[in-house]
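Good morning, and thank you for joining this group meeting.

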Amino acid sequence: MSELDPSFDQNVDPALAEERAHRRRLARSTAVFGAATGISRVLGLVREIIAAYTFGAAGKINAFTVAFQIPNLVRALVADTALSGAFVPVFSELLEKGERARAWRVASTIFWLVLLFTSALTAVFVLIAPLIVELFGTPGGDLDLAVGLSRLLFPIVILLGLSGIVVGILNAYDQFTVPALTPVAWNLVIILGLVLGVPAAGSQDTELYVYAGSIVLATLVQLLLPVPWLRGLDGRLRVALDWRDPAVHRFFVLMLPVTLTLGLINVSTLIGTLFASRLIDPELAPRAIDLAFRLYMLPQGIFSVAVATVLFPTMSRLAARGDMAGFGRTVDTGIRQIGFLLIPAGLVSAVLAEPITRLVYERGEFTADQTPVVAGALAAFTVGLVFNGWMLLLNRAFYGLQSNWIPTLVALGNLVLNVLLFVAFYRLGVWGLPLAVSLSNLAGAVALAVLMWKRVGGVELAATLSALTRIILASVVASGLAVGVWWTLDAALGRSTVAQILSVGLALGVGTAAYVGACRLLGVRELGSLLALRRGR
């Protein structure tokens, strides 16, 4: 090796050098995962643009929105994140101890138990779907349509349950890119269904059934796509039902609070849909909130999901080793990274909510009078953007510590607060419900942060608070310049599609440049990490 290799510099603490190298690896993994997720989110936005053009925000599309939320709630309870949140710590701990054969036997057992359980659960919910949908009144003015769509969509619970195990295995081996790309295929299949299948349908009801069928097919593709990458690992899934293994028991013990936590979060969403459908406007409010939520989830899905997903296996391994100092530093790193990315995204999205909504959705069946409704909901959602990102990270941190009941108790308190805020704010109109969600996210993030600080200590608390203060200042500058540029160009160019692309695009570009410049001047360290990635360091 070269004598200039820093690893041979005797003045450098080897532990410090290793930690710096590890942070760079994590930053690189986050960037790759974020880029892959970003492609998926952009395609998801294209999907929503096509759906909004085809169905608008009013009418029978609201039956689809409610029908999709019911299996989506069940999925959140027993599949996907609920599974990986319990599976990754157990699987990673066995790998860390060198028990690889047992780790794969446990993974195989959980895979088959999940298949059996989710299949039985899906069958039950298909039977009782009418009773559940009736709770929402007549969404979209057509109860029978909502029931039929819900029944068609329920098999996604099985598919996503199995997908959660496959993705959890890959993540435990620090393989993030392929799992991040599977949603790309998911979105592409749905887009093909909307572009090719829906126009061939003979009625709006049939169009919605084609849309729902495309989602089921896309979810099957999402499950199967990463399976070939399992072959390159040091084990394989096989037929096994070793349910007596203590690790299998521990998985289900850990999964219970994760399930309750996600269930409480999604029950809160479902209650919000009840308020929207029964107390505001059943033919507009559910879909308007859903469309706003899709825009809100674009930065959330690209940034905070990437950070939390990449750091989760590392936090699980550090917890298994008992390295609480390293664990605390990793959590602090995640908090700063999410703040660096989501604080400016939230502020800019809030001040440009209406032009963004108009550019993305206002065409076809989505009319001009629907734009302010969706924009108001988007602005209200973005108030809680960074807090939701922090909650995601902190929940994963507690899962890594195998202290899964703490997020559950916080989620329970959040549910109570959310319902009280729904009651107080629904009279404000559609945007009142997302505002209630944002304020609940703020309270939940603070509660989780305090509990985490008491558990592991704020290793870099002062540095984190200082970094967040500078990030907020830079974000205020960026959002102010962004709205100024948009207002000037909007007045000068008008609102043709090309003009909107120019005014919104340049506003976002100027805002981004201003944010980077302000971060440089203020010495925000997270910007340096991104620049180092660009230089390949």
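Why does Glu96 count as partly exposed? Glu96 counts as partly exposed because its relative accessibility is 36%; the class lies between buried, under 20% relative accessible area, and exposed, over 50%, with a 1.4 Å probe and protein chains only.

A word on the source. This is a predicted model, in which local features need pLDDT of at least 70 and side-chain atom pairs count only at pLDDT 80 or more, while totals for chains, interfaces and linings use all residues. Residues are numbered from 1 along each chain as its sequence is written, and side-chain values use heavy atoms, with hydrogens and water left out.

I turn now to salt bridges. The term denotes a side-chain nitrogen of Lys or Arg within 4 Å of a carboxyl oxygen of Asp or Glu. Searching the whole structure gives 17 salt bridges.

One of them joins Glu96 to Arg321, with 3.1 Å between the closest N and O atoms. Glu96 belongs to helix α3 (residues 81-96) and Arg321 to helix α10 (residues 285-321), so this pair links distant parts of the chain, 225 residues apart. Helices here are DSSP runs (H or I, at least four residues), numbered from the N terminus. Arg321 is exposed, at a relative accessible area of 53%.

Next, please find Asp245. Its side chain meets that of Arg102 in a salt bridge of 2.8 Å, N to O. Asp245 sits in the loop between α8 (204-224) and α9 (246-280), whereas Arg102 is in helix α4, so the pair ties together parts that are 143 residues apart in sequence. Is Asp245 buried or exposed? Asp245 is buried, with a relative accessible area of 7%, while Arg102 is partly exposed at 21% relative accessibility.

Asp245 also forms a salt bridge with Arg105, where the closest N and O atoms are 3.5 Å apart. Here, too, distant parts of the chain are linked: Arg105 in helix α4 and the loop residue Asp245 are 140 residues apart. Arg105 counts as partly exposed, at 26% relative accessibility.

There is also a network of salt bridges, which links Arg47, Glu48, Arg287, Asp290 and Arg294.

At 42% relative accessibility, Val124 counts as partly exposed.

Thank you for your attention.

Note on methods: Helices (H or I, at least four residues) and strands (E, at least two) are DSSP runs, numbered from the N terminus.
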